[in-house]
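Hello,

Here is the structure I promised to pass on. Please have a look, and then read the notes below.

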Protein chains: 2
Amino acid sequence: MNANIDIENFILDFSNSCQKKQKKNFSKNEVITTYIKNRNQLCILLDGYADLVRYDLNGNRTIVEHFSKNALFGEVFYTITTNNELLVEAKSNCTVLFYIYDDIFHKCSNNCKFHENLSENLPQLILNKVTDLNMRIELLTQRSTRDKLLRYFSLLSTRNLSKSFELPFSLTDLADYLSVDRSAMMRELKLLKEDGFIEKVGNRIILLYK
Amino acid sequence: MNANIDIENFILDFSNSCQKKQKKNFSKNEVITTYIKNRNQLCILLDGYADLVRYDLNGNRTIVEHFSKNALFGEVFYTITTNNELLVEAKSNCTVLFYIYDDIFHKCSNNCKFHENLSENLPQLILNKVTDLNMRIELLTQRSTRDKLLRYFSLLSTRNLSKSFELPFSLTDLADYLSVDRSAMMRELKLLKEDGFIEKVGNRIILLYK
DNA sequence: CATAATATGTTGCTTTTGCAACGGAAAATA
DNA sequence: TATTTTCCGTTGCAAAAGCAACATATTATG
């Protein structure tokens, strides 16, 4: 998000040199990849939206991360310790670059342009991921559904530089993202409207407080 | 944790060259640093234990991260958007290296050994942080206090390669780490004992299931 | 060692959340 | 366009979690 690097050029080089990579298109709702230990797959979302989703043994679905253009994902970011399924699902038509690495920070033997760019830009991209994850943690540590909603709305408001913004999720998915029950979230959403904190027009939220 | 880099040597060089850094000692319960926007401070915990703690407007205390030897912290990892206080508190006697950076990934003009090592090792250290944060998120997305406890215990069990392990937290702090009410957590802990899931001897937990 | 401070353990009560179920709206698909 | 599927919105009831208060144990500290 706050990357001051030339990601467009990076992506371009990423796509045009070296062999251990592959570009693929996906339609909405297709599974882009699953996280499997030791496969060493790194992915970049070139276009579209996708979610990292976990299905646990109780049947709960959790949206672990929400990815948009230029997001990095793959099991390199994950220490896989559970038997839970971890899937990346396309939420729109997507273009994804897959890359299999030996050592993620080392240049390949070919000394190709792609790897030069990768090792140059990867640290900053990963740092961006850290700040994203820290924001996610701030959301999840809110103690009530109301606080989670308000914190999330405030975040979107800041990002959009406006008190009025579109939700990037369906309400069903928002509940899975905040890790709460959908009907309980709907109830809280209604209370927030009744208490004059927000207005909701379709998929658009308008914050009414200071 | 899974860093296959020579962190001891890194730390050594970190300590012995270049000027924009400072080594300090802290006693238990002292505040090591607070997160302040745009100060560009990066810290490495050379020794001891420390917590990143957030105090919110409702008076809740949350342990955002728990740091041990060689952990990286500082506002570079954080997009500070709230008015909440973010403090790093020493949980034992600590030695901390502070470093003020201009551009975190660029070598300084001196071309010193410290910066050479920093830019070499930082990416891997940050990647480790990502995997830590992802585990933290997995914990926090558990839907009940029971599931949070069991997930956390399972994690410690894996780390210690044993069904029996010491808690690195007081129970009060554990509640703040899992983002739940302490008394509710104590109740759940009792139920876990009664239901035969765990045994608890002082600060030691023993897992009794498969 | 005495005393203060902090942590553990417990409980009754209240509030919040989850669960299950349903009808209607909207969107996807044949 | 008709029909199926998914999503939205709601509710009653049950379960879980939070709050407040307290007693006891343990740990720091003068």
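A phosphate oxygen of DNA strand C sits 2.9 Å from a polar backbone atom of A:Asp181. Bear in mind that this is a predicted model. A polar side-chain atom of A:Ser183 is 3.0 Å from a base nitrogen of DNA strand C. An N or O atom in the side chain of A:Arg187 is likewise 3.0 Å from a base nitrogen of DNA strand C. Which elements give two or more residues to the surface near DNA strand C? They are α5 (182-194) of chain A, plus α4 (171-178) and α5 (182-194) of chain B.

There are 19 residues around DNA strand C. The nearest are A:Thr145, A:Asp181, A:Arg187, B:Thr172 and B:Lys190. By class, the surface near DNA strand C has nine charged, six polar and four nonpolar residues.

Now strand D. Sugar and phosphate make up 55% of the atoms of DNA strand D within 4 Å of the protein.

An N or O atom in the side chain of A:Thr172 is 2.9 Å from a phosphate oxygen of DNA strand D. From chain B, a backbone N or O atom of B:Asp181 is 2.9 Å from a phosphate oxygen of DNA strand D. A base is approached too: a polar side-chain atom of B:Ser183 lies 3.1 Å from a base nitrogen of DNA strand D. The elements with two or more residues in the surface near DNA strand D are α4 (171-178) and α5 of chain A and α5 of chain B. The largest share, five residues, is from α5(A). The classes there are eight charged, six polar and four nonpolar.

One residue of α5 in chain B deserves a separate note. B:Glu188 is found in that helix. Is B:Glu188 buried or exposed? With a relative accessibility of 16%, B:Glu188 counts as buried, because the cut-off is under 20%. The B:Glu188 side chain makes a polar contact of 2.9 Å with the side chain of B:Arg146. Leaving out residues up to four places away in sequence, B:Glu188 touches B:Thr145, B:Arg146 and B:Leu149.

Next, the chain A and chain B interface. In it, 40 residues of chain B are in contact with 40 residues of chain A. The area buried between the two chains is about 3,600 Å², with 58% of that from carbon and sulfur atoms. B:Asn134, B:Ile137 and B:Arg143 supply 18% of the area that chain B buries against chain A, more than any other three residues.

On to the fold of chain A. The chain has five helices and 11 strands. Of its 210 residues, 53% are buried. Among contacts between residues at least 6 apart in sequence, 72% join residues at least 24 apart.

Helix α4(A) is mostly covered, with seven of its eight residues buried. Those seven are A:Leu171, A:Asp173, A:Leu174, A:Ala175, A:Asp176, A:Tyr177 and A:Leu178. Their cover includes β4 (50-55), β5 (61-67), α2 (113-140), α3 (145-160), α5 and β10 (198-201) of chain A. Just after α4(A), A:Ser179 has a positive phi of about 65°.

Finally, the nonpolar core. The largest one has 82 residues, and A:Ile32 and B:Ile32 touch the most other members. Beyond four places in sequence, A:Ile32 touches A:Phe26, A:Ala50, A:Phe73, A:Val88, A:Glu89, A:Ala90, A:Cys94, A:Val96 and A:Phe98.

A:Cys43 lies in strand β3 (residues 41-47) of chain A. A:Cys43 is buried, at 0% relative accessible area. Not counting residues up to four places away in sequence, A:Cys43 touches A:Thr33, A:Ala71, A:Leu72, A:Phe73, A:Val96, A:Leu97 and A:Phe98. A:Cys43 and A:Lys148 are 105 residues apart in sequence, and their C-alpha atoms are 29 Å apart in space.

Best wishes

Methods:
Residues are numbered from 1 along each chain as its sequence is written. Chains are lettered from A and ligands numbered from 1 in the order in which they are written. This is a predicted model: local features need pLDDT of at least 70, side-chain atom pairs count only at pLDDT 80 or more; totals for chains, interfaces and linings use all residues. Side-chain values use heavy atoms; hydrogens and water are left out. A residue is near a molecule or strand if one of its heavy atoms lies within 4 Å of it. A polar contact is a pair of N or O atoms within 3.5 Å; within protein, one must be able to donate a hydrogen and the other to accept it, and residues adjacent in sequence count only if both atoms are side-chain atoms. Helices (H or I, at least four residues) and strands (E, at least two) are DSSP runs, numbered from the N terminus. Ala, Val, Leu, Ile, Met, Phe, Trp, Tyr, Cys and Pro count as nonpolar, Asp, Glu, Lys and Arg as charged, and the others, Gly among them, as polar. A nonpolar core is a set of buried Ala, Val, Leu, Ile, Met, Phe, Trp, Tyr and Cys residues joined through side-chain atoms within 4.5 Å. Buried means under 20% relative accessible area, exposed over 50%, partly exposed in between (1.4 Å probe, protein chains only). Contact means heavy atoms within 4.5 Å. Buried area is the accessible area (1.4 Å probe) that two parts lose on being put together, summed over both.
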